[in-house]
Amino acid sequence: MSSNVNNSDPKDAKLRADIDRSLRHPVMFFFTSGALWLFVAVLLGFLGSLKNHAPGVLADCSWFTTGRVQLAHTNILIYGWACQAAFGAIIWLMSRLTRKECKNAVLILVAGHIWNIAITVGLLGILWGGSTGISWMGFPTFVWPVLLLSYFLFAAGSIVQFMVREPGHVYISQWYLVAALIAFPWIFGSAHLFVFVFDGHPLMKAAVSEWYHGALTYLFFTPVGVACAYYLAPKVTGRPVYSYHLAMFGFWALMVIGPWAGMQKLLGAPIPKFLPFAGAAATILFLIPALTVAVNVLKTIFHEDNEMDVNQSPSLRFTIGGMVGMLLMGFCGLLLFTSGALRATQFSLTGYGYDILAIYGFFSLCAFGIIYFIVPRVTLREWLSKRFIKWHFYLSLYAIALIVIISMGGGYMQGIAQNAPDKPWTDAATRTEAYAVGTTLAWGFIALANFVFLCHLLLMWARLGRRSTHPTLIGGEHHAGSPHGPEGDLEKIQAANA
Amino acid sequence: MNFKTFVIGLAVAFGVPWVFALALPYAKMTSLEPVEFDEIQDERTGVYESKRVGRLDGAKHYAANGCASCHTQLIRPTYAGNEIHRKDWAGQPGDPANGVPDTRRETNPFDYDGEEFAFIGQTRIGPDLSNVAIRAEKAAAEMGISTEQWFLRRLYDPNEFFYETVCPPMTFMFKEVDAISAVDALPYEASEEGMAIVPKSQAESLVGYLLSLRKDEEIPANLDPRAKSAN
């Protein structure tokens, strides 16, 4: 552990404490309601997957018919959990990195409530039978303007914070956060206008909805996940980021490649032919920023000085997991979206598996990392149990591994069978069945993992965490240094080691 | 990197794909050029207008019940997939010896006429539905019932057609009425004596939509890359 960082400046410590206090309610609101929705989404995912091989379950109940459950599952996972986890992380990181207290906590809370009410209404709308049927835009159409409004209400504060920051160096995480803050309304707004408001060709509407799916993944969830990783790695280990130039390169590579992805879903549809190919190319090229970021973050973390942190810090554990997830996304993209493989994977389970890998295996793990870091700071209590954290981690890992093998490998096999026109169609269906069972199992793991996480978080929210100055570490002994690594500012860590 | 370069950089990175992959193709597809029949190849003239029969309002039930998460509506060209060769998915293979033309064809942009959104679909857990009405017509003829009845029964009890299918039953789209006044009753046992199972209006409009899923009308050869290359 490098301790050459001066972290005893009382003024700094007070500022950090003030920032954390000012954010306690908004941040905890987003995280806990996000975790609640995650649990709902996971249960729906379990049910939806179960119905893929056991159709008799809840078969006669209109609210839980297979198609509706699957739509509800995806949309709750995206808007209930992933977006809210991202919002919480953005607000906190923005304040900490611009060194500004949050002045509009009430407004953010109002926005958060609007968002959650809209999601609830949207969920009921889908189950009741009012869905638009579009995979990532499944809520009834009156919901999306409300979501956008709520976004503007809370995001404005973070943007303002950034604009009035003291001049000086902008940290890597901030680039990603600002990019995500700008990208979200741009992607969300234009996609919904194109699909629901303008009077376009039905095929282009489908194409835009798939572009939205890709853009939201690569330009919103990815930057936020990466921002968390770039924040935690140097913060917890007390070492500067491995390479500033790599970071810069990775950022621009993502921003240039990301907005092209998505339309590969329409390969072979009668739309301008380059669109699906551009989409497939972008999905493959995503490997470049993924590799750059992962190498940079992992190189920062894995250093002989840091062995203790790697073994002990829950935040680092999850961040490493997230980085591996992102690498897997890159490599799977390379294997499964080249034009030869795409004909098989286009309509197989692969796409779903890739989404889960992106949302759970990469983004959510990074988000868990930052949540394990932030919550003790804003509640002034430590996590209750290292065992809970470990369960959460390992169950998540098993589940992700299962889903990746099943959906990617199985999806590919399924796609091959679908494309063998002389064999009966049931061949493809039979091949799917075993994989569907596996997916259900994986959702079972994720459900358990997140039940543990949810309980843990709710206890923390109720401020029943441990009153202690020792952080909860997963690797046994407490170490002598300060909790979670030195409490200095990232800038100082960077400067001290420059 | 100062803030100004940052914002300009982002605007370019986001703006270029937005214009070229989104806005321009969108505008272009919104006003499709009408396609004309070709006198030599098609042996007729005039502008092609798709004449889809069926009830397109049923698309909303297709959407809301997530049919698109398991079913696609897209026959891809052979560079992208093989479904054109799958039996009964894209039409009938021709038999040149007996003068039977090849009616198989890829999806074209006019096939979604009248719909709000093209349900290309997410996965093919179930078969492609581009031409399901043609298959249904055949299957219904074999059973000696109307195509509409076939679809209604398929929705009410998919198990009857494919044992242990994962295609979900839409029983909630049906209701029980007094057997005497029942029209279009399904041949299934109602929960009580003297009652009969009949479709609600949603089932009827969904079936109307499914009936519109057939691509067997005559189209200009210009719209069909396969026909074009064959000539």
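In which helix of chain A do A:Lys14 and A:Asp18 both lie, and how many residues apart are they?

Modeller: Both lie in helix α1 of chain A, residues 10–51, where four residues, about one turn of the helix, separate A:Lys14 from A:Asp18. Helices are DSSP runs of H or I with at least four residues, strands are runs of E with at least two, and both are numbered from the N terminus.

Before going on, some ground rules. This is a predicted model, in which local features need pLDDT of at least 70 and side-chain atom pairs count only at pLDDT 80 or more, while totals for chains, interfaces and linings use all residues. Residues are numbered from 1 along each chain as its sequence is written, chains are lettered from A and ligands numbered from 1 in the order in which they are written, and side-chain values use heavy atoms, with hydrogens and water left out.

The side chains of A:Lys14 and A:Asp18 form a salt bridge, with 2.8 Å from N to O. The term stands for a side-chain nitrogen of Lys or Arg within 4 Å of a carboxyl oxygen of Asp or Glu. Side chains of opposite charge can pair when their charged atoms come close. A:Lys14 has a relative accessible area of 52% and is exposed, whereas A:Asp18, at 12%, is buried. Here buried means under 20% relative accessible area, exposed means over 50%, and partly exposed lies in between (1.4 Å probe, protein chains only).

Over all chains, the salt bridge rule gives a count of 17. One of them in chain B joins B:Arg52 to B:Glu115, with the closest N and O atoms 2.8 Å apart. B:Arg52 sits in the loop between α2 (39–42) and α3 of chain B and B:Glu115 in the loop between α3 and α4, so this pair ties together parts that are 63 residues apart in sequence. B:Glu115 is buried, with a relative accessible area of 8%.

Another salt bridge pairs B:Asp102 with B:Arg104, the closest N and O atoms lying 3.2 Å apart. B:Asp102 is partly exposed at 37% relative accessibility, while B:Arg104 is buried at 16%. Salt bridges with shared partners also link B:Arg76, B:Glu83, B:Arg124 and B:Asp128 into one network.

B:Asp128, a member of that network, belongs to the loop between α3 (59–64) and α4 (132–143) of chain B. With 0% relative accessibility, B:Asp128 is buried. The side chain of B:Asp128 makes a polar contact of 2.6 Å with the side chain of B:Thr72. A polar contact is a pair of N or O atoms within 3.5 Å; within protein, one must be able to donate a hydrogen and the other to accept it, and residues adjacent in sequence count only if both atoms are side-chain atoms. Setting aside neighbours within four places in sequence, the residues in contact with B:Asp128 (heavy atoms within 4.5 Å) are B:Thr72, B:Gln73, B:Leu74, B:Ile75, B:Trp89 and B:Arg135.

Now for chain B as a whole. Chain B contains seven helices and two strands, and from the N terminus on the order is α-α-α-α-α-β-β-α-α. The radius of gyration of chain B, taken over C-alpha atoms, is 22 Å, well over the 17 Å that the globule rule (2.2 Å times the number of residues to the power 0.38) gives for 231 residues, so chain B is more spread out than a compact globule. Of the 231 residues in chain B, 48% are buried.

The last topic is the interface. In all, 82 residues of chain A are in contact with 65 residues of chain B. The area buried between chain A and chain B, meaning accessible area (1.4 Å probe) lost by the two parts on being put together and summed over both, is about 6100 Å², and carbon and sulfur atoms give 69% of this area. In chain A, the residues that lose the most area to chain B are A:Arg343, A:Phe347 and A:Trp425, together 12% of what that side buries. On the side of chain A that touches chain B, the largest share, 10 residues, comes from α6(A).
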